[in-house]
Amino acid sequence: MVRITLSVENEVLYLDYYKETCPLAEEIVSRNVEIAVLKDPRMAASLLRLHFHDCFVMGCDASILLDNHGDIISEKQAGPNLNSVRGFKVIDEIKYILEEACPLTVSCADILAIAARDAVALRGGPRWKVWLGRRDSMKASLDGANQFIPAPNSSLETLISNFNEQGLDIEDLVALSGGHTLGKARCVSFRQRVYDIEEKRDKYKRYRTFRRILRSICPDSGRDDAIAPLDFSTPAKFDNHYYINILEGNGLLGSDNVLVTEDHEGEIIKLVWAFAANEELFFSSFAKSIVKMGNINVLTGLEGEIRKNCRFVNPYALARK
């Protein structure tokens, strides 16, 4: 496990936020993430993705965890999340234990941030200090989830725009894309990349073997839920092989490969090469960028609430701690 020390100033979140109110909070999250990942190694990627998909919609406020209820339409029904995002039961279990230990104290949004860190570390990636003190949203945004979460077939221009909307720059885009060193994707997410894009660009048929493998998993119609690893080289390990893959034209998603194929300025390709050559640099940059992402539009102070159940807004009597 690689520990990353970051020099970060944060005006709204704090290290050791629960030191007095729930001193075992991070330990409880870490222990239960470890159990979940031991049972299902793919869960590491799922928990990382939950944090990412949460932060890109209204900010890091656990809105992605809300179920349909009353006038709330769940973000789980959005295109990028439906039949795709997972890990909700793991968060439920962690929240239940935390409520037993420290009622109405640890937010669901903070649980997501801690769980993402621990999931990455458990698969060999960096471990960073998590800034805490987020509160939970009392609403969800289905439209926001459909609009702001990057699609798997996004162009580079669209990806840059998506990240800029969140206050994230090109280095953040390239570093956070490296999270695709873990996890799997559904056929419906990479079919276009296999049948449309590569066929036109692979003039010299350099990537025939990789494309043949993908086509054996994902036919041009049907089997939408068949899955393939995002990183065929080291699918269960958090490392820098993602960047080596996309330099070789072997990224699974269209949105992975465009970091190389559509970068006409050359700035992004330089970062890809740098991360491919230096795993320590990638780890440091990834940790820095995910901490930055974890600050997007956070609710603090008297904003939002601390949910008792991550799937539902508290009843009115519990709305303020």
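Biologist: Between which helix and which strand does the loop holding His-180 lie?

Modeller: This is a predicted model, in which local features need pLDDT of at least 70, side-chain atom pairs count only at pLDDT 80 or more, and totals for chains, interfaces and linings use all residues. Residues are numbered from 1 along each chain as its sequence is written, and side-chain values use heavy atoms, with hydrogens and water left out. Helices (H or I, at least four residues) and strands (E, at least two) are DSSP runs, numbered from the N terminus. On that basis, the loop of His-180 lies between H7 and strand E3 (184–186).

Biologist: What relative accessibility does His-180 have?

Modeller: A residue is buried under 20% relative accessible area, exposed over 50%, and partly exposed in between (1.4 Å probe, protein chains only). His-180 counts as partly exposed because its relative accessibility is 25%.

Biologist: For "binding site", which residues does UniProt list together with Thr-181?

Modeller: UniProt positions are given in the numbering used here, with feature names shortened, and annotations may be inferred rather than shown by experiment. The unreviewed UniProt entry also lists His-180 for "binding site". Together with Thr-181, the record lists Asp-231, Thr-234 and Asp-239.

Biologist: Leaving aside neighbours within four places in sequence, which residues are in contact with Asp-231?

Modeller: Asp-231 is found in the loop between strand E4 (227–229) and helix H10 (241–247), and its relative accessible area of 0% makes it buried. Contact means heavy atoms within 4.5 Å. With sequence neighbours within four places set aside, the partners of Asp-231 are His-180, Thr-181, Asp-239, His-241, Tyr-242 and Asn-245.

Biologist: What is the distance of the polar contact between the side chains of Asp-239 and Thr-181?

Modeller: Asp-239 lies in the loop between E4 and H10 and is buried, at a relative accessible area of 2%. A polar contact is a pair of N or O atoms within 3.5 Å; within protein, one must be able to donate a hydrogen and the other to accept it, and residues adjacent in sequence count only if both atoms are side-chain atoms. Between the side chains of Asp-239 and Thr-181, the polar contact has a distance of 3.0 Å.

Biologist: How many of the 8 residues of helix H7 are buried?

Modeller: The buried residues of H7 are Asp-172, Leu-173, Val-174, Ala-175, Leu-176 and Ser-177. Helix H7 (residues 170–177) is therefore largely enclosed by the rest of the structure, its buried residues numbering 6 of the 8.

Biologist: At about what angle do H6 and H7 pack?

Modeller: Axes are lines fitted to C-alpha atoms, for helices over the stretch in contact, and angles run from 0 to 180 degrees between N-to-C directions. The axes of H6 and H7 are 9 Å apart, and the helices pack at an angle of about 105 degrees.

Biologist: Which residues of H7 make this contact with H6?

Modeller: On the H6 side, the contact is made by Leu-156, Leu-159, Ile-160 and Phe-163. On the H7 side, it is made by Asp-172, Leu-173 and Leu-176.

Biologist: What separation do the C-alpha atoms of Gly-294 and Ser-255 have?

Modeller: Gly-294 lies in the segment after H13 and counts as buried at 1% relative accessibility. Gly-294 and Ser-255 are 39 residues apart along the chain, and their C-alpha atoms are separated by 22 Å.
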